[in-house]
Amino acid sequence: MINILADQNLYKADQFIPENAKLTLYDPQYGIPTLDGFDAFLVQTVTFLNKETLPKPAKTIKFIGTGSSGIDHIDKNYYEKKGIFVADAKGCNANAVAEYVITVLLLWREKFQPEKNIGKVGVIGAGKAGSAVIRLLQKFGIEYLAYDPPKAERESSFESATLEQVLDCEILTFHVPLNNHGNHPTFHWLNEEKLSGRSFELIINAARGGVVDEQALMSAKARKEIKQFVLDVWENEPDFNADAAQSAFIATPHIAGYSEQSKVNATKIICDKLADYFELEKVSTSHEKSPKIVEMEPINYDLKKILRRLNPILEYEEAMRSLAHHRNKKLLFRKLRNDFPFRFEYPFLEIRKELLDEFDELKKLGVSEHA
């Protein structure tokens, strides 16, 4: 029998844990519990594991997994040197993140330049999430450049834009891991030096807090070198920068990758990797839900009103602003992430035909007709 300790917010974990495994849940807001007697430890991005937070994991621990696409909150090298296998759920939320970005772009266009094209988008990072963003940009006919020198080094078929080319784009969207060291560090990749003397219409960071220097971002906006920015991730998360949140066009609590489909994907991927490691049989049951019918009142809609009904970005944004200067904002940030119902991705939504006919953007997003 394998003993597993998992974050209680790991979505539907009890439905994906293999047989011959016992699941125990813990609440991350109370810190890292004792791991004695457990074989595997499953966490999410709110739990930071390194030689300071967990210097001596229990000798029984053989597997650490995170139900997230990134792994920068875990010191992988440190634990692998101790003989612990470390795994993540890379790619689990790529489509959800791409939908966040395209929704932000549509909301921004509707508010600031409804009669113009969106402009050229520089996609920083062309991994799974960045590639999903590119696919949606292509669907919408939006011009883009992909910047990813590490990928160009790994894959001869991929050609990265140059730094100068991507910094000439009107819009930048970030989809890179947070790396402090190595040949291609990303910590404060967008900094004062890259921002100074340039002009950007919009900056979007839905990658990792710290990839964008938030102070430099606000200074550039004050100098009118950036017109608007959107932040879903924060440098000192969950203790987010209240001033940056207030200054942003849209500020959300690290939920770009949150959807019913992505959360199921994440748990399934990490539990499958756990099963492989311990040579257990994977759970094969399908957990895909039927499409969700969104009832729309018989009123006049513009695109913003429809997107608001289909995607809760603006509801998150309003909640973030309300708690920006609250004394318990760290706790409330986590609560907002954990308590808000997961949205359905656009291809799993159905609305009435006349709205699809009126707004071509909905068809491009993958929304389908409700018979």
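1. Let's start with a cut-off: a residue counts as buried when its relative accessible area is under 20%. F278 comes in at 15% relative accessibility, so it counts as buried. Keep in mind throughout that this is a predicted model.

2. Where does F278 sit? It is found in helix α10. That helix covers residues 260-278, 19 residues in total, and reaches 27 Å from its first C-alpha to its last. At 1.5 Å a residue you'd expect 27 Å, so the span is close to expectation. Just after α10, E279 takes a positive phi of about 55°.

3. Leaving aside neighbours within four places in sequence, F278 is in contact with I2, D39, A40, K62 and F63. Take A40 from that list: A40 and F278 are 238 residues apart in sequence, yet their C-alpha atoms are 9.7 Å apart in space.

4. On to helix α11, residues 303-310. Which of its residues are buried? They are L303, I306, L307 and L310. Looking down the axis of α11, these buried residues fall within an arc of 100°, so they line one face of the helix. As for what covers them, the list includes the helices α3 (94-112), α14 (353-358) and α15 (360-365), along with the strand β13 (349-351).

5. Strand β13 turns up again in an open sheet of three strands. The order is β12-β13-β14, and the pairing is parallel. At the edges are β12 (292-293) and β14 (368-369), each of which pairs on one side only. If you want a spot to look at in the viewer, K292 stands opposite L349 in β13.

6. How many cavities of 30 Å³ or more does the structure hold? The count is one. The largest cavity has a volume of about 70 Å³. Its lining includes the aromatic residues Y100, Y258, Y316 and F342. I255, A256 and I313 also line this cavity, as do P312 and P341. N311 and R343 complete the lining.

Note on methods. Residues numbered from 1 in each chain as written. Predicted model: local features only at pLDDT ≥ 70, side-chain atom pairs only at ≥ 80, totals over all residues. Heavy atoms only, no water. Buried < 20%, exposed > 50% of the residue type's maximum accessible area, 1.4 Å probe, protein only. Helix = DSSP H or I, 4+ residues; strand = E, 2+ residues; numbered from the N terminus. Arc of directions from axis to C-beta. Contact = heavy atoms within 4.5 Å. Pairing = 2+ DSSP bridges. 1 Å grid on protein atoms, 1.4 Å probe; cavity = no way out; pocket = protein on both sides within 12 Å on 5 of 7 lines; lining within 4 Å. Points joined across faces, edges and corners; volume = space filled by probe spheres on them.
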